[in-house]
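The entries follow the display.

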Amino acid sequence: MKILVTGAKGFIGKNLVTELKNREYNEIYEYSKDMDISILDEYCKNTDFVFHLAGINRPQDESDFMSGNFGFTSTLLESLKKHNNICPILISSSIQAEINNPYGNSKKAGENLIFNYSKEVGSRVLVYRLPNVFGKWCKPNYNSAVATFCFNVARDLDINVNDRSVNMDLVYIDDVVDELINALEGKENKVGDFCEIPVVHTITLGEIVDLIYSFKDSRENRTIPKMSNPFSKKLYSTYLSYLPEDKFSYELKMNIDQRGSFTEFIKTPDRGQVSINISKPGITKGNHWHNTKNEKFLVVSGTGVIRFRKVDTNEVIEYFVNGDKLEVVDIPVGYTHNIENLGDNEMVTIMWANESFDPNRPDTYYLEV
């Protein structure tokens with residue numbers, strides 16, 4: 001199948017083309033505004049499906065809305081008619097087509113044009129009225145508040161929020177691309193005359209801002225958001241894509257003493273905490289037990305033994321562990337436990353606890369194994 005994508009270098013176009021190639025659609029005509037119109041004509045002659053994503057969002061003159069959205073659509077359709085190509089056409093419109101403003105009017109005119117074209121030549125047309133789209137590769141300080149907020153917050157720049165209570169309907173770029181490819185394969189989500197992205201997130205502007213600032217703060221407090229919340233998961237991925245390239249890494253606070261070190265890596269609001277424990281040769285750590293807190297130990301480097309004793313018995317249980325055979329050891333409640341480095345080198349253990357450490361309620365009681 002030969003696929004034409006107009007606006008191929010734009011936000012949605014770039015993501016779509018990339019995913020089409022991931023799915024092994026290899027004959028893709030990528031048309032962008034910096035190319036000669038004769039190239040578009042040649043593409044229209046041979047294409048089997050058109051993704052018409054090109055458009056004008058922020059022109060220097062309001063009259064450019066109509067020429068860029070309605071006018072270019074007209075040029076595209078005339079070229080298809082010229083070559084008697086009645087292949088399906090998918091066009092990205094906007095929910096603003098229902099609003100009486102220059103941008104909305106130009107989008108509405110483009111919709112009417114393509115619907116009339118369908119009646120005239122019998123071509124299958126799919127019109128998507130998109131709400132705000134967010135995700136990687138969206139240009140900041142252009143037409144996406146989410147992109148601008150992510151970009152600025154990641155760089156300690158100010159952001160402008162006029163009304164925190166404003167509700168926003170947003171769709172995530174991966175959900176958009178999935179739906180567009182579904183449409184290519186004849187499985188579009190059609191509602192009346194128009195098509196829709198099935199997954200829409202409604203959230204206030206203030207909530208978006210608070211989440212983005214929490215992502216920035218997460219490097220200091222070592223937390224990550226609830227990944228069970230689909231919007232938070234998508235927004236967090238989006239935020240990370242706007243980090244400055246010299247700021248991908250960040251240091252952790254290592255608690256170092258003569259025994260080695262202990263470093264908190266990740267804390268979550270609902271999935272506990274992950275830490276890294278480094279023990280020097282011959283060192284034993286632990287000798288405590290918990291009522292409710294439970295842990296998992298995974299030695300990834302070195303050799304050691306994990307010992308247990310039920311608090312009301314004298315029997316000691318031993319599990320020998322090493323980094324050459326990755327094995328998770330559960331630390332049940334009610335058992336005092338320790339871990340000893342039996343090797344000649346440092347032993348590295350990844351430790352997970354079912355709750356983040358609370359100094360006010362540590363649930364940790366000293367008792368020699």
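Predicted model: local features only at pLDDT ≥ 70, side-chain atom pairs only at ≥ 80, totals over all residues.

I searched for disulfides and found zero in the structure. Cysteine 138 takes part in none, and its nearest cysteine sulfur, that of cysteine 150, lies 9.6 Å away. I note that a disulfide requires sulfur atoms within 2.5 Å. Cysteine 150 is likewise in no disulfide; the nearest cysteine sulfur to it belongs to cysteine 138. I also checked the accessibility of cysteine 150: it is buried, with a relative accessible area of 0%.

**Entry on helix packing.** I then turned to helix α5, residues 145-154, and helix α7, residues 205-221. At what angle do α5 and α7 pack? I recorded an angle of about 30 degrees, with the axes 10 Å apart. Angles under 35 degrees count as roughly parallel, so I described α5 as roughly parallel to α7. The crossing of the two helices is right-handed.

**Entry on the contact.** Which residues of α5 make the contact with α7? I listed Val146, Phe149, Cys150 and Val153 on α5. On the α7 side I listed Leu205, Ile208, Val209, Ile212, Tyr213 and Lys216. By class, the residues of this contact comprise nine nonpolar, no polar and one charged.

Methods. Residues numbered from 1 in each chain as written. Heavy atoms only, no water. Buried < 20%, exposed > 50% of the residue type's maximum accessible area, 1.4 Å probe, protein only. Axes fitted to C-alpha atoms, helices over the stretch in contact; angles between N-to-C directions. Helix = DSSP H or I, 4+ residues; strand = E, 2+ residues; numbered from the N terminus. Parallel < 35°, antiparallel > 145°, perpendicular 65-115°, else oblique. Left-handed = near helix turned anticlockwise from the far one by under 90°. Contact = heavy atoms within 4.5 Å. Nonpolar A, V, L, I, M, F, W, Y, C, P; charged D, E, K, R; others polar.
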